[in-house]
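Open the model in your viewer and keep the selection panel at hand. The tour moves from one selection to the next.

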Amino acid sequence: MARPREFDSDDALQASVNLFWEKGYHATSITDLTEAMGVLRGSLYKAFGDKHTLFIKSLKAYSENLLEGMRKNLETSKPVEALNRTLDIVVGTAHGKAARKGCMIANSALELVPEDPVTAVCVNKHYDAMESLLTRALEKARTDGKLKTEMSPTEAAQAILVWIQGTHTIGKTKTGKVRAANSLAQLKKTLNI
């Protein structure tokens with residue numbers, strides 16, 4: 001009879017998300033993972049597969065959590081307020097410890113996408129989902145007469161998506177918050193929101 005697992009798999013997965021997010025894929029060792037997750041090496045492999053499989057599960061969990069928060073924020077009766085709130089939240093993460101970690105999706109794209117097609121698929125799915133959420137909010141804002149830009153909702157969503165990912169990268173620098181705030185002011189003028 002097999003012994004039951006002696007750890008909570010959701011907690012262990014969240015620990016792996018945090019570790020991969022902070023250190024990246026290549027700098028994270030199996031030993032780092034077993035220590036952070038509180039599992040033995042054999043249990044890690046049995047529950048989650050090899051390091052790359054665990055990384056992909058972690059990346060998907062991070063993505064799902066981020067998208068769920070974004071969905072809850074954007075699917076509202078006041079889409080322009082929700083868009084502004086979303087953008088302001090991103091600027092708020094452009095300094096301090098949060099900024100040094102950046103975005104796990106952006107970090108993974110920079111570190112792995114050129115060499116890892118599985119990670120590329122996850123990153124692209126995440127960006128597609130973000131763009132879709134933003135587009136729907138912008139379409140609703142246009143329908144409500146609150147979006148005055150000449151850009152289509154899809155073009156505006158793409159501009160916002162690129163700004164968000166750029167902000168996560170520039171936020172790692174000492175002047176990230178200032179640059180993020182200044183560029184956000186210009187983005188809001190361009191979108192007229």
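Is Thr-167 buried or exposed? Select Thr-167: its relative accessibility is 3%, so Thr-167 counts as buried (buried is under 20% relative accessible area, exposed over 50%, partly exposed in between, with a 1.4 Å probe and protein chains only). Thr-167 lies in helix α9, residues 153-170 (helices are DSSP runs of H or I, at least four residues, numbered from the N terminus). Show its surroundings: not counting residues up to four places away in sequence, Thr-167 touches Val-90, Ala-94 and Ala-180 (contact means heavy atoms within 4.5 Å).

This is a predicted model, in which local features need pLDDT of at least 70 and side-chain atom pairs count only at pLDDT 80 or more, while totals for chains, interfaces and linings use all residues. Residues are numbered from 1 along each chain as its sequence is written, and side-chain values use heavy atoms, with hydrogens and water left out.

Next, select Phe-20, Tyr-25 and Phe-55, which form one aromatic cluster (rings of Phe, Tyr and Trp, the last by its six-membered ring, pair if their centres lie within 6.5 Å; planes under 30 degrees apart count as stacked, over 60 as edge-to-face and the rest as tilted). The whole structure has 4 aromatic pairs. One of them is stacked, because the ring centres of Phe-20 and Tyr-25 are 6.2 Å apart and the planes are at 20 degrees. Phe-20 and Phe-55 are edge-to-face, because their centres are 5.1 Å apart and their planes at 85 degrees. That pair links distant parts of the chain, with Phe-20 in helix α1 (residues 9-23) and Phe-55 in helix α4 (residues 51-74), 35 residues apart.

Terms used. Helix = DSSP H or I, 4+ residues; strand = E, 2+ residues; numbered from the N terminus.
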